[in-house]
Amino acid sequence: KQPPSPHRRHCLVLVAKEELSSPFQLQTHPPMFRSRRIINNTTFTSTSCHMIRCAIITFAAGMIMLHTKTSHSLDNYLKNDSHDLFIAPENMSVGAGAADTKESMIELDIDNACPRSSAINTKNNNSPPPNLMPLDRLLSIVKYWHEINCPQKETCQFASIGQHLLHIAMKRNQTLLTVQVGAMDGRSNDPMYGMFVETRGKNYVQARNGDIAPGRDSPFPDLRNWLPVMIEPVPKNYEDMKETYLGIASDRGLACAVPIHAAVSYDSTKTTCPFCRFNTADDAPPSCKGQPDWMKFQIATLDCEHSKRFFNKDFDLCILQDPLPCNSLEKLLSDHFVPAEHIAMLQIDIEGYEYILLDGMFKEIPDESLPPVIHFEHKVMKDQDMTHPLVNRTSRVDHTKELLSSRGYHFYDEGEDYLALRLV
């Protein structure tokens with residue numbers, strides 16, 4: 001909407017090194033701008049604006065505040081690279097960091113990765129955008145998000161960065177690829193389900209329009225921009241997981257999901273692996289049936305020695321040692337036409353086996369192609385380090401942290417899990 005007089009025309013361009021999470025609120029002091037455009041990573045070189053005033057942006061309680069400055073001071077702020085956000089007049093080239101950058105796109109093989117033979121992928125008429133979020137873009141977004149959120153510990157959370165990345169994928173019509181190893185039933189204590197699907201209570205901010213909408217169901221009513229890969233070896237969990245994602249496709253518009261019934265292993269001599277899981281069959285011994293659900297469904301592992309120690313005298317009675325399909329993470333993904341080099345977020349919960357998986361993954365995926373965000377459980381590894389330390393090597397947890405730190409990851413403890421962000 002144009003101001004009444006062309007002689008008092010103000011142009012306001014919000015320029016950001018990285019795209020802002022939507023929704024957000026914009027407030028000016030004083031309210032001098034009659035119209036505004038919100039632009040990301042674009043350089044403007046027009047001379048059409050006059051009587052322009054500028055503003056410096058700061059964050060306060062989640063709100064972007066614009067503090068008015070005179071235009072002659074803008075150059076000083078542009079030269080200071082510590083300012084990630086600024087306001088620039090439209091007749092000025094805003095300089096390094098704000099110009100358009102050409103991204104290296106990767107196109108998903110939708111027909112093979114999302115076969116119509118899968119009930120999940122035929123539950124609605126949606127189709128995921130063919131372009132995955134490029135890794136260089138993901139890395140820069142994660143670094144920028146880290147600068148804003150991680151000095152305040154309460155906002156530096158796995159759920160927060162996940163929602164932020166999906167907001168941006170939706171805005172750019174790209175697909176966010178996530179991989180979950182040890183997905184269980186896709187719902188119980190599941191961080192992916194919690195951040196993208198779980199219903200919320202009052203005062204929840206909607207992703208679509210930025211309004212505060214008390215009592216709405218989900219931040220993402222349409223999940224077509226999310227491509228989850230879920231790896232789960234326990235047969236009962238795997239079937240329940242498929243039902244969970246069938247419901248997500250039906251209720252939330254998820255266009256594609258890739259369930260994989262296998263275990264991740266880096267023993268190249270094996271295509272099947274002995275896998276220790278609780279006997280949940282109808283004819284299981286009565287003493288096994290009486291155990292809690294978390295013990296029946298969450299304590300399955302490739303580390304059968306750990307299972308023996310955990311269940312002790314009940315191991316022979318209640319634990320089955322099944323041969324299951326197994327392979328490296330890269331091979332399991334490529335067999336399903338999913339590129340391991342473009343994972344945005346990797347979630348791992350495999351009962352103390354995390355250090356072995358990450359060690360193997362780092363040997364098969366080049367450093368420049370590693371996931372920018374990794375979230376993994378450390379509770380079981382710490383328990384094992386205390387009761388059964390590794391011989392002639394550092395602890396499981398320290399070994400894992402050394403592996404990640406050497407590749408540019410920074411850690412944040414979330415209780416039973418670590419959030420690792422790659423900041424290179």
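I am working from a predicted model, where local features need pLDDT of at least 70, side-chain atom pairs count only at pLDDT 80 or more, and totals for chains, interfaces and linings use all residues. Residues are numbered from 1 along each chain as its sequence is written, and side-chain values use heavy atoms, with hydrogens and water left out.

**Strands.** I took strands (E, at least two residues) and helices (H or I, at least four) as DSSP runs, numbered from the N terminus. Two strands pair if DSSP finds at least two bridges between them. E14 (residues 319–327) runs parallel to E12 (residues 263–264), with 2 bridges. Here Ala 263 sits opposite Cys 326. E13 (residues 272–278) pairs with E14 in the antiparallel sense over 7 bridges. Phe 278 has Ile 319 as its bridge partner.

**Cores.** I looked up nonpolar cores: buried Ala, Val, Leu, Ile, Met, Phe, Trp, Tyr and Cys residues joined through side-chain atoms within 4.5 Å. Buried means under 20% relative accessible area, exposed over 50%, partly exposed in between (1.4 Å probe, protein chains only). The largest core has 44 residues, and Val 181 and Ile 374 touch the most other members. Helix H12 (residues 354–364) gives the largest share, 5 residues. A second, separate core of 41 residues includes Trp 145 and Leu 421.

**Salt bridges.** I counted 8, taking a side-chain nitrogen of Lys or Arg within 4 Å of a carboxyl oxygen of Asp or Glu. Asp 240 meets Lys 236 at 2.7 Å, N to O. Both lie in helix H6 (residues 235–252), 4 residues apart. Asp 240 is partly exposed at 29%, and Lys 236 is partly exposed at 40%.
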